[in-house]
Amino acid sequence: MEVLKIATAGSVDDGKSTLIGRILYDTKSLTDDKLEAIERSSKQKGFDYLDFSLATDGLVAEREQGITIDVAHIYFSTAKKSYIIADTPGHVEYTRNMVTGASTSQAAIILVDARKGVIEQTYRHFFINNLLKVKDIVVAVNKMDLVDFSEEKFNAVKEEIIRLAARSDYKGQNITFIPVSALKGDNVVNKSVQTPWYHGATMLEHLEGLNAQDVYEVSQARLPIQNVIRPKTEEFHDFRGYAGKLYGGSLSVGDEVTVLPSKTSSRIKEIYHFDKTFERAERGASVNITLENDINISRGDLLVKSSELPKEAKQIEAKVCWMDAKNLVAGTKYLIQHGANRVVAKIADVQKVIKTDFSGEDAAVNKLTINDIGVVQIKLAKSLFYDSYVDNKANGSFIIIDAQTNNTSGVGFIQ
Amino acid sequence: MSTILHSNALENEAIYIMREVAAQFEKPVLLFSGGKDSITLVRLAQKAFYPAKIPFPFLHVDTGHNFPETIEFRDRLCEELGVELIVRNVQDNIDAGKVQEESGKYASRNMLQTETLLDAIEEFGFDAAIGGARRDEEKARAKERIFSVRDDFGGWDEKNQRPELFDLLNGRIDLGQNVRVFPISNWTELDVWSYIEKEDIEIPSIYFAHKRETFVRDGMIWTADDDVVYREEDEEVVERMVRFRTVGDMSCTAAVLSEAVDIAKVVEEIRDSSISERGARIDDKRSEAAMEKRKQQGYF
């Protein structure tokens, strides 16, 4: 069961919901009762076409406003893959939603209105997918029907985004440009006859062609320990297993491993998944491993290969996206959740705010307000064993929890 | 022991969530209805903690309108697994006059389950309740978080949800709050069925095609062999070959015509299906925003 999660981003009128609705319709993912509901609602609103955006707009409040306000998840599948679309709104004030959607996605669709070309919003979407290291980016140049399927308009968008990509920090992205009309269905699932000058894949063809190596980072194995499994039964009397989800790379039986923070070493004895044992576990697997030696391990510890130790520090620098109405200021204490580990942290300094439209930085600001992205120095009560986000996503990121409200107030990407 | 463990992303995610629940909460409970989604949860919980036993009890909120096949199945499964089963009855709240039963054509006890669930959470002091809801079931569920915080009244504030980034789940709550946990949030109905087939998981017989006395109302097929389902005199009873896609309250769960007598045929049928699962549940049809409203009131 191959699953591809895609983040979508676009401005209010780019036709994002229509595009998603179109994908669902053309892949026959809309069931009869849902299609009927769309027909009914479209008629009620007096449209002479099917308003596919109604397939995705979820909550009552949104339907009233006619806009999407949070991350919504949409599911469809083909014979080849299961797809999850994390649909996020494109307004500037919803940076946090876009960051949230991108954090779990392997691919992103950025919508551009062919009439308007690349606008400030496009910069922001591109910036966030770049910051989050989303590997596969599809730039869907939409509403091509309204510019007579003009190749020049399409190329103008393409050139500008290529220029933008040259200025960004993360160069590992694969960017594909596709001329589409979500409303009419051109190049979304079915190839358009209106764009004879375009020889690339349709949007769905492109997504279908993506393999694991195209979308996942190749990195070092990191196993944050979630639980210690001790059955204490007759059959498994001395069993002591360490359960967790494996990130970044694979682990094999016999590997010499080190457990942090204790820095004790052992070898992997068995890799369990339910009642079966395996020789090797791949990235992404939820496993339960046993070790050759009895060493003291508890929740929050990190297990790595002894040859691939992470960095260790009591102060870190991170890019932080702030998600709380209460501002982030220096001197305040928070909890950092990094993998299965929670550490008390103090904000040492808010160094600068980074403008998400590529227009630079503001070092004069000493706080982050909601939807800001900035560079922050954080002091930790205990050593953190981490990687840079550019090297290892899972071990290079954390969330910031406000211990007073229990809110998830922000997310950090370690430099 | 020579094979490589290939990852099934949805299964791995669900196992990860189960383990986070066990680690982050003091008194979790698994909401078990005897339906296919909660049966899938049970398998995932087994996988998460093997070779240890599942470290939390199961809670069944019994509407009193369950298919007898489901109850029999529930009791047998819990005994096999050696887990504690807690049953709380909607009927008790009705008898005590705490809630009033609906009457008439579309009377259902689905809404009444909420009260019983909230009472049970309070009675046992559960801080996390694991449920089998999926985001693809209904539009308002599409925005549900994996760890969804509820207030003392079970209320869901959809505009004020915590963001969930990467795999990181924040289960910190205040006293009196509790969290609904949805490990199979990202599964579709087809994913669940395919998993049941692949894992060879036993499910109640009503999920497979069988002959049943039924009648038709508003284009949907209803069971006629139990008096909890309200039927008018002129609604004709006919024996049909049917199966159920969900096993909730009998009074609001419609059957579908089917020849699918085994799991492989059910999967095939779901794949070709053109009616969504909740399309066969009348309580969601009451209004377009029905589910969202119920959830704000604490519905599961």
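Figure 1. In β20(A), the residue bridged to A:H338 is A:N341. This close-up, like those that follow, shows a predicted model. Strand β19, residues 333-338 of chain A, pairs in the antiparallel sense with strand β20, residues 341-354 of chain A, over 6 bridges. The hairpin of β19(A) and β20(A) has 2 residues between the strands, and A:G339 takes a positive phi near 60° there. Strands of a sheet pair through backbone hydrogen bonds, either parallel or antiparallel.

**Figure 2. Strand β20(A) also pairs with β23(A) and with β21(A).** Strand β23 comprises residues 373-386 of chain A, and its pairing with β20(A) is antiparallel, over 8 bridges. Within β23(A), A:G374 is the bridge partner of A:V353. Strand β21, residues 361-362 of chain A, is likewise antiparallel to β20(A), with 2 bridges between them. Here A:I354 stands opposite A:E361 of β21(A). The hairpin formed by β20(A) and β21(A) has 6 residues between the strands, and A:F358 in its turn has a positive phi of about 65°. In a regular strand the side chains alternate between the two faces of the sheet.

**Figure 3. An open sheet contains strands of chain A and chain B.** Its 3 strands follow the order β10(A)-β14(A)-β1(B), and the pairing is mixed. The edge strands are β10 (251-252) of chain A and β1 (4-5) of chain B, each of which pairs on one side only. Between β14, residues 280-281 of chain A, and β1(B), the pairing is parallel, over 2 bridges. The bridge partner of A:R280 in β1(B) is B:I4.

**Figure 4. Helices α1(B) and α2(B) pack at an angle of about 70°.** Two packed helices are described by the angle between their axes and the distance between the axes. For helix α1 (residues 9-24) and helix α2 (residues 36-49) of chain B, the angle is about 70° and the axes are 9 Å apart. At this angle, α1(B) is therefore roughly perpendicular to α2(B). From α1(B), the contact is made by B:E11, B:A14, B:I15, B:M18 and B:R19, and from α2(B) by B:L44, B:A45, B:K47 and B:A48. Sorted by class, the contact of α1(B) with α2(B) has 6 nonpolar and 3 charged residues, and no polar residues. As for the setting of these helices, the secondary structure of chain B comes to 9 helices and 11 strands. Of the 300 residues in chain B, 54% are buried. Among the contacts in chain B with a separation of 6 or more, 75% involve residues 24 or more positions apart.

**Figure 5. Helices α4(A) and α5(A) cross at roughly 40°.** The axes of helix α4 (residues 95-103) and helix α5 (residues 120-131) of chain A come within 9 Å. In handedness, the crossing of α4(A) past α5(A) is right-handed. On α4(A), A:T95, A:M98, A:V99 and A:A102 make the contact, together with A:H125, A:I128 and A:N129 on α5(A). The contact of α4(A) with α5(A) has 4 nonpolar residues, 3 polar residues and no charged residues.

Figure 6. Most residues other than glycine have a negative phi, and most peptide bonds are trans. A:P261 belongs to the loop between β11 (256-260) and β12 (264-273) of chain A. B:P51 is located in the loop between α2 and β3 (58-62) of chain B.

**Figure 7. A:N406 and B:F166 have a positive phi without being glycine.** The phi of A:N406 is near 70°. This residue, A:N406, is in the loop between β24 (397-401) and β25 (408-414) of chain A. Is A:N406 buried or partly exposed? A:N406 is partly exposed, because 17 other C-beta atoms lie within 10 Å. The phi of B:F166 is about 50°. B:F166 occurs in the loop between β6 (147-150) and β7 (178-181) of chain B. B:F166 counts as partly exposed, because B:F166 has 17 C-beta neighbours inside 10 Å.

Conventions. Residues numbered from 1 in each chain as written. Chains lettered and ligands numbered in written order. Predicted model: local features only at pLDDT ≥ 70, side-chain atom pairs only at ≥ 80, totals over all residues. Helix = DSSP H or I, 4+ residues; strand = E, 2+ residues; numbered from the N terminus. Buried ≥ 20, exposed ≤ 12 C-beta atoms within 10 Å, placed from the backbone. Contact = placed C-beta atoms within 7 Å. Pairing = 2+ DSSP bridges. Axes fitted to C-alpha atoms, helices over the stretch in contact; angles between N-to-C directions. Parallel < 35°, antiparallel > 145°, perpendicular 65-115°, else oblique. Nonpolar A, V, L, I, M, F, W, Y, C, P; charged D, E, K, R; others polar. Left-handed = near helix turned anticlockwise from the far one by under 90°.
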